[in-house]
Amino acid sequence: MMKQLMAGAALAMVWASPALAEAHTDAGDGLRAAVMEDMPGLVELYQDLHANPELSFQEHETAAKLAERARALGFTVTEGVGRTGVVAVMENGEGPTVMLRADMDGLPVIEQTGLPFASTRTAVPASGVETGVMHACGHDTHMAAWIGAAQLLAERKDQWSGTLVMILQPAEETGEGALAMLEDGLFERFPKPDYVLAFHDAAGAPAGFIGYSKGFALANVDSVDVVVPGIGGHGAYPHTTIDPVVIGSAIVMRLQTLVSREISPLDPAVVTVGSFRAGSKHNIISDEARLQITVRSYTDEVRASLLEGIERIARGEAIAAGMPDDKLPTVTVQDPYTPSTYNSPEFTEQVMAGLSERFEGRVMETPSVMGGEDFGQFYRADPENVQSLIFWVGGVPQEQFEASERGEVELPSLHSPFWAPDAPVVIATATEALTAATLDLMPKSGG
């Protein structure tokens with residue numbers, strides 16, 4: 001995801017192996033040494049989580065396991081928020097409320113990493129077809145770093161003041177988990193955050209790299225289904241039919257003008273037809289075609305324009321082909337959709353200024369991406385009062401990254417059955433970054 005974002009000096013950076021702490025000086029507060037002391041336990045937890053992934057809204061074992069650890073650290077823990085989510089609260093005097101989030105769900109992917117702790121689990125997703133399950137998006141590193149930050153912050157209550165809310169979110173991969181927690185009263189039943197923080201591992205950046213974007217960081221993600229009726233018949237007598245394949249093809253081509261001719265060149269937008277299905281035999285003109293479309297945007301205005309344009313084009317091409325008004329295409333936008341993720345600019349600059357000093361030479365602003373992340377729901381729930389930031393932590397092992405730069409290997413992407421991050425580096429970097437940022441946001445009075 002991020003390889004194409006890195007250029008110039010960033011590509012020349014040389015990152016440390018798992019002994020990351022030894023390659024960079026401590027910030028002087030002993031935090032990095034404390035992280036490294038906790039690393040054996042965090043790596044053991046990561047390996048357990050990796051070997052035992054669970055699908056969206058099925059994260060029962062994962063949630064219970066981590067909730068127990070949070071309770072042992074002194075947090076007040078509530079389980080079952082938004083079905084399988086966990087909320088852990090630690091109140092520590094007057095001050096701001098900071099929320100740290102990690103996502104828990106794995107993917108319906110059969111693992112092929114060859115790791116000694118590779119997942120062999122199976123489960124049944126919404127499709128109803130049993131499949132292998134894998135943490136192919138790195139959520140296991142997210143959870144391990146979440147526990148790492150919880151441990152360090154619990155040990156350092158004398159260094160911060162305020163309310164710490166740590167949440168484990170289900171169903172990020174389906175884009176439903178954040179909204180489920182909010183609808184279950186996350187901001188009403190528990191202290192509402194002033195700041196929300198999260199990170200995501202990156203499959204195109206070297207391990208230990210920290211990347212961030214100000215403003216829009218990830219996109220609105222809409223899934224659109226278009227059903228195109230036709231009048232079927234014999235392939236040898238097309239004049240007796242109205243061919244939905246031809247109509248569908250015209251729709252696909254006309255959709256390209258939405259971005260190129262209707263949206264400002266300054267506004268990012270994507271309309272991609274990922275599936276086109278029609279017919280079952282060479283010489284039969286089908287009576288229906290089906291399109292599946294992914295639509296990406298940043299602003300709500302561009303999103304609305306794209307969705308309206310898809311319906312207009314679908315109906316218009318069918319009318320042009322002679323379809324009667326009662327047999328025009330139907331356009332269905334799946335709900336809920338994944339909203340764009342917005343990093344509050346001033347808050348992002350504040351956090352990244354601190355991390356840039358701590359992780360000298362390893363923090364870089366990167367372009368936004370058109371991928372999706374439902375972390376944006378927390379900001380959208382109260383944009384006037386909640387400031388938000390999600391950042392990237394590179395996960396590609398150093399030797400593998402260098403080989404890819406020489407053109408010798410292709411890096412596996414997130415969601416690949418081959419994705420195996422340099423987990424110790426990701427966890428150590430993210431644990432320190434989350435802890436340091438939280439301490440900076442919640443200083444003791446006079447600190």
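So, how do the residues lining the largest pocket divide into nonpolar, polar and charged? Hold that thought for a second while I cover the ground rules. What you see is a predicted model, so local features need pLDDT of at least 70 and side-chain atom pairs count only at pLDDT 80 or more, while totals for chains, interfaces and linings use all residues. Residues are numbered from 1 along each chain as its sequence is written, and side-chain values use heavy atoms, with hydrogens and water left out.

Okay, pockets. By pocket I mean, on a 1 Å grid over the protein atoms alone, an open set of points where a 1.4 Å probe fits, with protein on both sides within 12 Å along at least five of seven lines; lining residues have an atom within 4 Å of a point. Volume is the space filled by probe spheres set on the points, which are joined across faces, edges and corners.

The largest pocket comes out at about 790 Å³. It has 26 lining residues, and the closest to its centre are Glu-173, Val-221, Arg-296, Thr-338 and Gly-372. Back to the opening question: the lining has nine nonpolar, 10 polar and seven charged residues. Here Ala, Val, Leu, Ile, Met, Phe, Trp, Tyr, Cys and Pro count as nonpolar, Asp, Glu, Lys and Arg as charged, and the others, Gly among them, as polar. Strand S10, residues 220-229, gives the most to that lining, with three residues. Strands are DSSP runs of E, at least two residues, and helices are runs of H or I, at least four, numbered from the N terminus.

The second largest pocket holds about 310 Å³. Of its 13 lining residues, Ser-56, Pro-108, Pro-125, Ala-126 and Thr-174 are the closest to the centre. This lining splits into six nonpolar, five polar and two charged.

Now the sheet. There's an open one of eight strands, in the order S1-S2-S6-S3-S7-S18-S8-S17, with mixed pairing; a pair needs at least two DSSP bridges. S1 (76-81) and S17 (363-365) are the edge strands, each pairing on one side only. Further in, S7 (195-206) and S18 (387-396) run parallel over nine bridges, and Asp-201 stands opposite Val-393 in S18.

Two helices lie across this sheet's strands. H4 (60-72) lies across S1, S2 and S6, at about 165 degrees to S1. H10 (345-358) lies across S7, S8, S17 and S18, at about 40 degrees to S18. Those angles run from 0 to 180 degrees between N-to-C directions, with axes fitted to C-alpha atoms, for helices over the stretch in contact, meaning heavy atoms within 4.5 Å.
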